[in-house]
Structures are given as structure tokens and as C-alpha cells.
Amino acid sequence: MNVHLQERAFTFRAIVDFSRSIYGLDFVTLHRPVFEGNERQYLIDCIDSNFVSSVGARVTEFEQQVAAFTGAKYAVATVNGTAALHVALRLVDVLPDDEVITQALTFIATCNALSYAGAHPVMVDVDRDTLGMSPAALRQFLARHAELRDGRAFNKSTGRRLAACVPMHTFGFPCRIEEIVSVCDEYGIAVVEDAAESLGSYVGKRHTGTFGKLATLSFNGNKVITTGGGGMIITDDAALATHAKHLTTTAKVPHPFEFVHDEVGYNYRLPNLNAALGCAQMERLPEMLAVKADVARRYAEFFDSIGVTVVRAPEGTTANYWLNAIVLGSLQERDAFLEFTNSRGVMTRPIWRLMTRLAMFSQCQHDGLANSLWLEDRVVNIPSSVPDGALPPFNAKTL
Ligand SMILES: *Cc1c(COP(=O)(O)O)cnc(C)c1O
């Protein structure tokens, strides 16, 4: 073994040991849910009430909790985050054959939702520090390719309308959303924030997802809080919120017994059972975020001490530290790290393969994606759950 490889093995070993020491376990998962509140009680109540499906008081209560927490005026619960994004794109009038600008460095759900809406994704680069859409890259792309006709943006090279822009707050690190919104405003392009990963992340004091016209959240099993599966659309626009609820509930016109639907809608409303879980999770969200911030602080101190780059919340922002991430030296080092850690029971994983490198999206227009490609080779996620026993004891509600 040459010196470099020995040093590397030493570093990898230290990282495995440190992760195990945080979690007090030999086998460490990447991110597992924590049910240390009223989850069981609320689920039982829900079953006893017979309201287990999409009609039920918990759905509305969960929506109100999320609206209050994020500071959005309205929240509409959906079966998952992908469905939320699909509907959000319809709400901003993305039509088949329109183009939607997004980042190539994202989870597949972003581009799947664009495809369900019939849109063509167009990919711009991310910033290296935020891992999210770069406003400079966006501006440059639009300056080169967009033209305004009657206040609407069209792509000069394809002739298609540039209908919306979907930036994403990667791993809960806020992207430069204010600048992105202001660039899009100049071109009349609607911003839908994919905030699936950023519940509890802020720019200044303002919650991510409250900058664009609409935003979507996810409560999948591996996210900061979970409803099993679930999602949410948040917005400050009353008309959009009403339409969101209508579209996600089969577009049924309210009537005591008649079945009248006034457009093609979706069966996307979150069931009451899932919302019951969500209500219990929301009650403990602030404590979970505090624990996650502490885990991130310990990781940062440790990685500083061994000279490994750890991703930090960009200045002026607060991250939820959903998934902690480190930046390794090269693709070779990344692969060796993933092999070393996963074979020792410490779960790690690479950042997503770029959308443009997947067969379905390989023909998409993009801007070269220099930073995205650089990050794709180097960024890995490390275990980031709330450790066992880290939450303060919970006083269960007595009935
Ligand atoms: C989790 C996630 C979604 C939504 O996923 P669902 O599993 O459908 O809830 C969307 N975008 C991103 C970036 C995500 O990480």
C-alpha cells in the first residue's frame, strides 16, 4: 500500500468510528424515522374514529401545523412529494411541451414530476457551496437562450415556452432562492421550490419554500419527519391553495350527493392515517431539529480536525441538516469510501447521478453543468438520523 492509500484507510476508519460513536451502534443507517411522541395514540384514535382515508380531521390539522411552522398562509396535503410537485406545476400553468428549468443535481422525483406534467426539463448548474441551483448560471442561461414575448419567456433554440423554474434545497441546505426568484421575475417565469428536503431550513428568518409562488414538501420515510408517505403544497396565494385542494381531490364540485367533477383531477389527498402520524411528528419537529443541529456541529468539528471538507449551511441561512454531506477528493476516493463504510455497516451513499446522465433525460438542454459534474464525483452523505435517546423524554398525552 502506498502512503496515500494508507492515509486514506486511516481517515475512513476514523469516520466509521466517529459515526458509530455518535449513534452508539455498530450498524448505522443513513436516516431512520423516530416515533417518540403521540404517534401510536393518534393512529389508534384514527382507527377508532373510522376516518382512516382522505377525509378526516387530522389532514386539516396537519396542514395547519405545517402552515404555522413554515409561515406559509396555506398548506394542502398530498399522498407524496412527487404528487405535490406534479400538481404545483399544473397550478402555475405548466402545459404539455412547455419547458421547466431545474437542476441536474437532484433526486429523480423532481424530473419525474416535470415529465408527468408533460414538460421538458432544462438543466442549469448548481453552486458548489449550496449544492442548489446557481442564480448566476440561471441568469446566464436565460440571457443566452430566452426571449420575452408579451411578458412570457420562450427558449430561442427550441421555440418552447419557459413556463417555470424548480430549484431544490439539496439535503436541506438552502439555495440562493432570493436571487433565483428575482432572476425569474425579470422573465415572468414562475418559481416552484422543491423543498422536499428542507423542512426546518431558513434563509434569514424566512422558511424555505415561502419564496416562490408555490413549494412542495415530502414526508417520505427517510425525510426529516415522516407520515409513511406524504407531501404538501404550501403557498401564500389563496386561489392557488383552493385550486390545489380541488385538483388533489378529484376536482369534485362540492355537493351533498351529486358526482360532478369540473376538470381532470387526481386522487392525491393524504389519508387521515398518514396525517395522524404527521401531527405527532410535527409536535416533536423543533426538538428533532435541535438534535440534528447538534449532530451536524459534532461532525463539523470532527471533519475539521481530520481535514475533510464538510458541507455547512451557507452564510445567512439555517439548515435542517437532514443529511450531512462531505466532499471527498476524487471519484476514486469516493468509491473507495462508499465501499469501506458500507461494508462495515456504516451506511453512506453518493449524491445522485446527474439527471442528464440518466437515459430518460440524456437529451435535455443544459449549460455544461461544470459544478454539478464536479460535485457528483465527490459528495457523499453520512449517517444523519436523530440518535437513539437523544430526544428529551416525552410526556405522552393522557386521555
Ligand atoms: C423526497 C423528494 C421528493 C419527493 O419524494 P416523495 O418520495 O414522492 O415524497 C421530491 N424531490 C426531492 C428532491 C426529494 O428529495
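Predicted model: local features only at pLDDT ≥ 70, side-chain atom pairs only at ≥ 80, totals over all residues.
Local features need pLDDT of at least 70, side-chain atom pairs count only at pLDDT 80 or more, and totals for chains, interfaces and linings use all residues. Residues are numbered from 1 along each chain as its sequence is written, and side-chain values use heavy atoms, with hydrogens and water left out.

Start with the overall division. The protein chain splits into domain 1 (3–32 + 285–381) and domain 2 (39–281). These bounds come from an automatic or database domain assignment. The C-alpha centres of domain 1 and domain 2 lie 26 Å apart. Domain 1 gives 39 residues to the contact, and domain 2 gives 47 residues. Contact here means heavy atoms within 4.5 Å.

Next comes strand β6, residues 162–166. Helices (H or I, at least four residues) and strands (E, at least two) are DSSP runs, numbered from the N terminus. Is β6 mostly covered or mostly open? Five of its five residues are buried, so the strand is mostly covered. Buried means under 20% relative accessible area, exposed means over 50%, and partly exposed lies in between (1.4 Å probe, protein chains only).

β6 has parallel neighbours. Strand β2 (residues 99–103) pairs with β6 in the parallel sense, over four bridges. Two strands pair if DSSP finds at least two bridges between them. Within this pairing, Val100 has Ala164 of β6 as its bridge partner. Strand β7 (residues 190–194) also pairs with β6 in the parallel sense, over two bridges.

Strand β4 (residues 146–149) and strand β5 (residues 152–155) run antiparallel and are joined by four bridges. Ala146 stands opposite Asn155 of β5. The hairpin of β4 and β5 has two residues between the strands, and Asp150 takes a positive phi near 50° there. A further sheet is open and has three strands, in the order β9-β8-β13, with antiparallel pairing. Its edge strands are β9 (206–207) and β13 (317–318), each of which pairs on one side only. Strand β8 (residues 202–203) is joined to β9 by two bridges. Tyr202 has His207 of β9 as its bridge partner.

Now the aromatic rings. How many aromatic pairs does the structure hold? There are eleven. Rings of Phe, Tyr and Trp (its six-membered ring) pair if their centres lie within 6.5 Å; planes under 30 degrees apart count as stacked, over 60 as edge-to-face and the rest as tilted. Phe18 and Phe302 form a stacked pair, 4.2 Å centre to centre with 0° between the planes. This pair links distant parts of the chain: Phe18 is in helix α1 (residues 3–23) and Phe302 is in helix α9 (residues 272–306), 284 residues apart. Phe18 counts as buried because its relative accessibility is 18%. Phe302 counts as buried because its value is 12%. Phe302 also pairs edge-to-face with Phe303, at 5.1 Å centre to centre and 65° between the planes. Phe303 is buried as well. Ring pairs join Phe18, Tyr299, Phe302 and Phe303 into a cluster.

Two arginines sit over rings. The charged end of Arg149 lies over the ring of Phe154, 4.1 Å from its centre. The charged end of Arg206 lies over the ring of Phe211, 4.1 Å from its centre. The criterion is NZ of Lys or CZ of Arg within 6 Å of the ring centre and within 35 degrees of the ring normal.

Two loop residues end the tour. Thr226 is found in the loop between β10 (214–218) and β11 (231–235). Thr226 counts as buried because its relative accessible area is 3%. Not counting residues up to four places away in sequence, Thr226 touches several residues, including Pro33, Phe35 and Leu277. Thr226 and Phe35 are 191 residues apart in sequence and 9.3 Å apart in space, C-alpha to C-alpha.

Asn50 lies in the loop between α2 (39–49) and α3 (57–70). Is Asn50 buried or exposed? Asn50 is exposed, because its relative accessible area is 66%. Asn50 and Asp367 are 317 residues apart in sequence and 53 Å apart in space, C-alpha to C-alpha.
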